Structure formats: C-alpha cells, structure tokens
Amino acid sequence: MIQSANDIVCDTVVQANICIVGGGPAGITLALELAKTGKSILLLESGGEMPSADTQALNAGEVADERLHSPPDRYRQRVLGGGTSIWGGRCVPFDPIDFNNRPWIDHSGWPISYDEVERHYAAANTWCEAGEYEYDARLATPGGMRPVLRGFAPLHFDTNGIERFSCPTNFGDRYRARLRSAPNVRVLLSATVTRLRAARDGSRIDSVDVRATQDNSFSVTADQFVLAMGGMETPRLLLTSDDVHAGGIGNANDLVGRFYMCHIAGTIGSLRVNGASDAVWHGYDLAADGTYCRRRIALRPTAQASMGLGNAVFRLHHPRIADPRHGTGPLSAIFLAQRFISYEYAKRLVSDVPPSYRTWLRHGMNAVIDSPSTARFLFHWLKARTLADRKFPSVIIRPRTNLFSLDFHAEQVPNPDSRIGLGSGVDRFGNRQIRVDWRYGRQDVETVAKSFDLLSQELADQSIGRLSLASDEIDIETVVRRDGAYGGHHIGTARMGSGARSGVVDRDCKVFGVNNLYVAGSSTFPTSSQANPTLTIVAMAVRLAKHLGRVVTQVPSIQEAVS
Amino acid sequence: MPDSIDYSRKPVLILGASGFIGSRVAAALERSPVYRPIAASRRSMVRVDATNLQSVLGALRDVDCVINCVAGKESTMVRATQVLCEAARSLPPRRIVHLSSMAVYGAATGTVTEDHVPVAPISGYGRAKIACEEIVGRYVSDGGDAVILRPTCVFGPGSTQWTTRLARLLQAGRLGDLGTVGDGCCNLAFIDDLVAAIVSALDAPEISGRIFNISSPAALTWNQFLMAFGKALHATPIRRIPARMVKIETKLLAPFRRVGSKVIKAPWTVAITPSLTALFQQDIWVDSAAARSALWLAQTPPDQMIAAVIRDDRIKKERALS
C-alpha cells in the first residue's frame, strides 16, 4: 500500500514491526526483502512519487569549500527511489582488499569479511537489474569481451575486471507496483522524519517524529528502526536527535558524520595509442542477458600494497569535451547542448570556467564540419538511450585518431576531519541544515598520481602508447581540485566498527548502544573502494534484511509482549 | 499401435487424445504394463465425438477409467464435460480424471491452494473451466468417481501454447526482459510431471471428488524464466522490452496478428495478448502440496524443463528457422 502522509490525522501514532526511514535503493530493497517475513513494514519517504522543489529544499545546507564539493541539495533526491532517480547505473562490486586492514591506510579495515558481503552481490545484481553476477571480462559475454588495448598485459593492472550497467533502474518506478501490492508493506510518502525519540535510558528508540508536507505531524512506533537516508541525512538525523543522547544518537565517541568520503575521480591526460584503431576498444559489450559491460584497468592489490596506495581504476575516455581542439562533432554537440543536460551530468561534461564566444564558435564549427558523425551519434543516442528501457550507459565516441583521455575513479582514504556536521541554517521544520566539510589528503592525490605514472610506464614499456599530461595537469592535485568530490557518493559518515570507539554501527549495522536502531546505506562503509557504491549499498541492504528477518522472528514485538 | 492387444491391461479412454496433453498421456499409457490406452478424438483411429452422447456412451462401455483432455472452444469443453458425465451416470461407476486449469483462479494473487475462490476478472477460458468443474462436481455429488487436476502453464517439448509460442517470441526479440510487466510468478507444469500425475490419479485411493493443483516447485518470476529460456535458445542478447512496446503489442498489434494467424502460421502472426501480459504480471503462486502428497507429483526444476525442450527436435527446427 502506498499512501500520502498528508492523509494521516495529526498526532496519530502509526505502528509497525519494522520502520524504515528513506525510500531509496537501500530502503526499498529492505522493505521488499523484509516483506517475506510477514511482519508489518512501514517505509517512510520524505518525497513523493515525483520530485518537488519544496521537498528538495529540505536538502539545502552549507559547504565549507564550494569549489571542492557540490551543494548538498545536488545529487540527492527526496523522491521515491531516492538517488536511483538520477543514477547512472554503474554496478561494480567492492574488492577483497577493500575489507582488509591495510597498514598503509589509517582507519582501514571492515569488521566483516569480503565473503559476508560477496554472497549478497548476486541478489543485489538482480535488484539493480545488472544481469548475472559475473564481473570477469572473459566470462561475462559469450566468447569473452574485447580487450581494451590489444596486446597490453600489464604487471600492475588487471584489465579483466568489468563494470556492468543497470538500466539504470529507478527503484521507485521499478518497484512501486510491488510495494503497492505487498500486503504487509505500507509506504508513506511526503513523510519527513524530524527526530528519533530515544527511551529515557537511551537503550532503544521508542518512536520517530514525522512531518508531512502539509505540516501535519504524527509519530511512528516500531520494534525496529532502520535509517536508510543516505550518507548526509543519516548523520544529520542522528546528530539532531540529541535530547537523550547528548551530542546525538550513536555519537558518544564523536564519530557520527566524520570520515566523510566521496571518490577522487575525473578525467586526465592524453593517451596516444600506437597501431591501428581496431587495436583499441573503449566501448561496451553486451552480455547474453542484455547488460552493457565495460572493461576497466584496475590497480592490482599487490601494487597498492607495495606503493602504499588506495584502490583505483582507469577507463579510456574520449578527449575533454570542453576543449574544441578535439575536432569531434558529437562532442561539440554535447557541449552546445549543455543547458539541456542535468546539473549532475553537465558538471563533468563541460568546462569549469565560463567558455568564451570563440570557444562556442569553434564547437559550432566542429558540429557542422563533422555533421555526418554528429547525425549518426544523435540517431544512436535517440534509439539506444532516449527510447530504450535498458539505456546505452554513456557517451562513447571513437576519436578520429587513437587519442584518448583517461577517466580515473579512485578510493578516498578515511579521514576523521572530513565530515558532515550541523550548520547554522534551519529547514522549514526547524531542523538544522547540514554543513559539508569535505577534505582530501596527500594519500588521495598520491593514489591518482602514482597509479597514473605506473600505467604510463607500463604502456610505454610494452609499446602500447604514450600517456602524457597537459601542462595544467602536471600537478595532479590541480586535477583533483578541479573535479572535486565525486558527486553522489556519500560514504563513511556512520561507519561500521568492531567497537563503539571505532564505529557508529556494529557488524550488523546496529547503532552501538541502541538496541533497535540500524543504519543501511553507504554511510556505514568504513572505506570507499574504487567501486561506485550503489551495488554494495543494495548487497548490504539484502544482508541487513536477512539479519533483521532473524531478529524479528526471534524477538517478540512490543505489541505481542504487551498483549 | 501394438501388434496385439493385451487385454489384461486396464482399458483407459482418453478423450481429446490428439491434443498435446492427450497424446502424451496416450504415449505414457502405451508404455505402461498396467493400463491400455484407448486414444479417442475426432481424428484418431478410435473416433469419438466428445460432444455427442451416443458416441461417448459407446466408447465408455468397455473402459474402467476416462481421462478428459478435451480442449478447444469454450462451448466445446463445457458440452464435452456435460456429455461425459451424463454418459458415465448411465453406466457402472468408473473414474473420470478431468483436466481443468489454473485459469479458474482468475486474477487471484498470493499463495493459492485448491480451495481458493476465483477472483474477477476471469477469462472466458477460465469461466468455461469453472463450468466444467461444476459439472464434474455435480457428478461426484451424485455418487460418481472423479478427480480434477488444475495444471498451471504446461511446458515441455511439443507444447505450442507455453513452449513454441514463447520460443518464437523470444527469438523474434518480442519477449525478453519485461521489467515490471514480467514480475509475476511463473507457474509452469512440466508435461512429464503432469502426465505422471494423471496416471497416478487413475487409481489413487481416497481421492474421489478432490481437486489438485499441478505446478513446478520453483518460485521464479516470468522475467527470470524468460531470460533463462532465451539464453538456452541462444536468443541473445536478451532484449529489454519497454512497457510502452508491450502496450503497443497488446492493444494495437495483437488483433492484426490474430487475423494474420488465420491465414499464415509465422512468428510475426504470434500475438502477445492482454491476457498473456496480465498473467506475466500476476503475483500468483499455485501451491501443489496436495498433489505431491496424494499423487506423488514429481516437480522437475525449471532448468531441467528447459534442457528437455532444447533437446527436442521441434525446437531445434524453430531455432534453425529463426
């Protein structure tokens, strides 16, 4: 059943066995997995079925350095489906090394093993509609995928790992019918949770306060509560709920909101590949199940360990769109159409400085001179992206010459000083807005710089091509600062730890010291990996659902105990 | 046909023996040391008009059991059941094994056992099957001996409805990953399991008057099944079919394809009907626990069902044609 919270009478107390706060990928997966237990599930989503400016304004907040981090109301959606409503669909599992305690990375190591997450990736792939759980390029497609660079057999990089692409699946659209038809699931839209109400001794959450968009307020009692609100709202709500727990729930050791990580990502350098153009394949292959798959060039764990680096991957990319010197019509057409591209994607497609009239003109000329390519690109985009349900994942344009740039996507190491806190402004419900103080460190820059150098060396040694940096990219830190925190990946702000001194939640994602409060989502990840977080968010949600399923069948509900 | 007839075997009349299920039952009984099939239809050697009382009476006199597999038009199915029960009433008792369908549950959702009431809307086919069951029920109330089986979608080599049709649509890229449209439970009954259950029902004790669901064990969605079947057929890469394309197929193209199918049998005349897509979305899980217990129903897993179909020559020809 899906209802609007505006239909709930003021001061009502709504009851459920399990209350999930947040209707994004984690919340929806949890609700539908937990529906199998037969217990009553209540899913509270702040947004509606469609985005609204008023609700989206609840995401507003401050950023310490706006050059490094996007505003907090960007890349976050208050709508059923949450972030998946603007998701690109890239699915990649974490690597085993991500879970290890790595001596060269402070605060690394998860209290759970890779295997405990890995066993849920197949289910996560299904939820994300990313096809089979097969991430080896040699097995993912019939006959194996084409090599990125023919003949390239690097010592320090693995080229057989792949990323698979979801449709991309908007969890709100895709699973709305199932949420509606599940007899024991109730979804309340326009229901913003404003406070967690802890019991007097702080050992459990008694209820949560909820405000609807029409300002009627009510409360929810449940046996178990799960916060699935994303990496920014989760610390915000924990910190705001400070009436019993001074400093906020789960924050006895001042860890809530700290260790905020995104990814260090961007586009860098130019790679001129030797030989014929068919020696390079930087596009997608189709798996038998119809999923788009793409190879990556991943820094091996041995190289990470020997050089003291974080995890990182590279992909071959077209030249920077904003620079008209590429002379490619389709890229210039994208540049010219930037006003029609959403902020979240346009930010990385176009220039970080306002283009001059001369730049506009040169892009216009590219589009005209290379108009056959532009027309072919637009037709393909219309057919394979706009009109398709399983969408062609990204812009793939084969350069006229074998000249590419490199996309990098690197781990950001945990840093207690990088944090989400409470700012000075308040939202319309009177709650303090967030303040984002994202910071990168020396090790983050080194991961990109040294792995780039290593790749450059191996490409040269094997006579594959020449990888070089532009004059304004020689200092890699300028590139890191130019692209800033990767949008939409909000990680680590309620990290999992082996004890309350090192984490906010335990190995079961339960908040330390609070017996019935759990956190789902990337805020619990102690480290960020090279991988985009959504697949692991869903895998962890499946894992949490299994744990909660055991909890709710073993522990009598409050209603049962009272009766 | 055997060279000589073994009269020590129990004679069993199969009405509708030229159909997919009837022919498979006849073949199974032919191999049985216990039963002797008398395969009757309008086209077989034993010609019986199932809608004609005298014709059925004549065929019924010398048999111990009857299996009613008559398919076809709704009115034909109802009339044949009426005639069968009327003929059986005028003769000494003998068991009727009547084939019904999961269509009797209509739009029911959730786990469905045999006592589940039909839920509207119910298709014309489903209403006819309900009418047939009522006729058989009255026959049992009057002292007759009958068992009703409700198979789900019967899958297996030779099934035009649920095997060849789906294979053609998958190979044409008109079925595949259906997204929300394919989220319903895929209830398949493997033909060999169904035939074995029919044979068990001929003599199983203390089941007269009972009804049994016949289905597979796996909790699959239609999307999962279609993906697996498509891959086995090498109808890859499996296409994601947009919901709007499904609408166009069912609302716009299906009538034209149906008309075309009267003229020519080709992949492009196979219609994706509204009732088919409604079934793909129906969250119904048909529970066969009663048949497992009373009829020793074996439930072949989906991968083995698909493997059996892929080995079949008819599907090989279809694949070659595509």
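**Helices, sheet and domains in a predicted model**

In this predicted model, helix α3 (residues 74-89) of chain B and helix α4 (residues 124-141) of chain B have axes that come within 9 Å and cross at roughly 5°.

Q: Why is α3(B) called roughly parallel to α4(B)?
A: The two axes cross at roughly 5°, and angles under 35 degrees count as roughly parallel, so α3(B) is described as roughly parallel to α4(B).

Q: Which residues make the contact of α3(B) with α4(B), and how do they divide by class?
A: Among them are B:Met77, B:Val78 and B:Cys85 of α3(B), together with B:Ala128, B:Ile135 and B:Val136 of α4(B); the residues of this contact divide into eleven nonpolar, three polar and two charged.

Q: What makes β6 and β20 of chain A the edges of their sheet?
A: Six strands of chain A form an open, antiparallel sheet in the order β6-β15-β16-β17-β12-β20. Strands β6 (157-158) and β20 (465-468) of chain A each have a single partner strand, so one side of each is left without a neighbour in the sheet.

Q: How do you know that strand β16 of chain A pairs with strand β17 of chain A?
A: Pairing asks for at least two bridges, and six bridges join β16 (residues 312-317) to the antiparallel β17 (residues 403-411) in chain A; in one of these strands, β17(A), A:His409 is the bridge partner of A:Val313.

Q: How many residues does each domain bring to the contact of domain 1 with domain 2 in chain A?
A: The centres of these domains of chain A are separated by 34 Å, taken over C-alpha atoms, and the contact takes eleven residues from domain 1 and 14 residues from domain 2.

How values were computed:
Residues are numbered from 1 along each chain as its sequence is written. Chains are lettered from A and ligands numbered from 1 in the order in which they are written. This is a predicted model: local features need pLDDT of at least 70, side-chain atom pairs count only at pLDDT 80 or more; totals for chains, interfaces and linings use all residues. Axes are lines fitted to C-alpha atoms, for helices over the stretch in contact, and angles run from 0 to 180 degrees between N-to-C directions. Helices (H or I, at least four residues) and strands (E, at least two) are DSSP runs, numbered from the N terminus. Angles under 35 degrees count as roughly parallel, over 145 as roughly antiparallel, 65 to 115 as roughly perpendicular and the rest as oblique. Two residues are in contact if their C-beta atoms, placed from the backbone, lie within 7 Å. Ala, Val, Leu, Ile, Met, Phe, Trp, Tyr, Cys and Pro count as nonpolar, Asp, Glu, Lys and Arg as charged, and the others, Gly among them, as polar. Domain bounds come from an automatic or database domain assignment.
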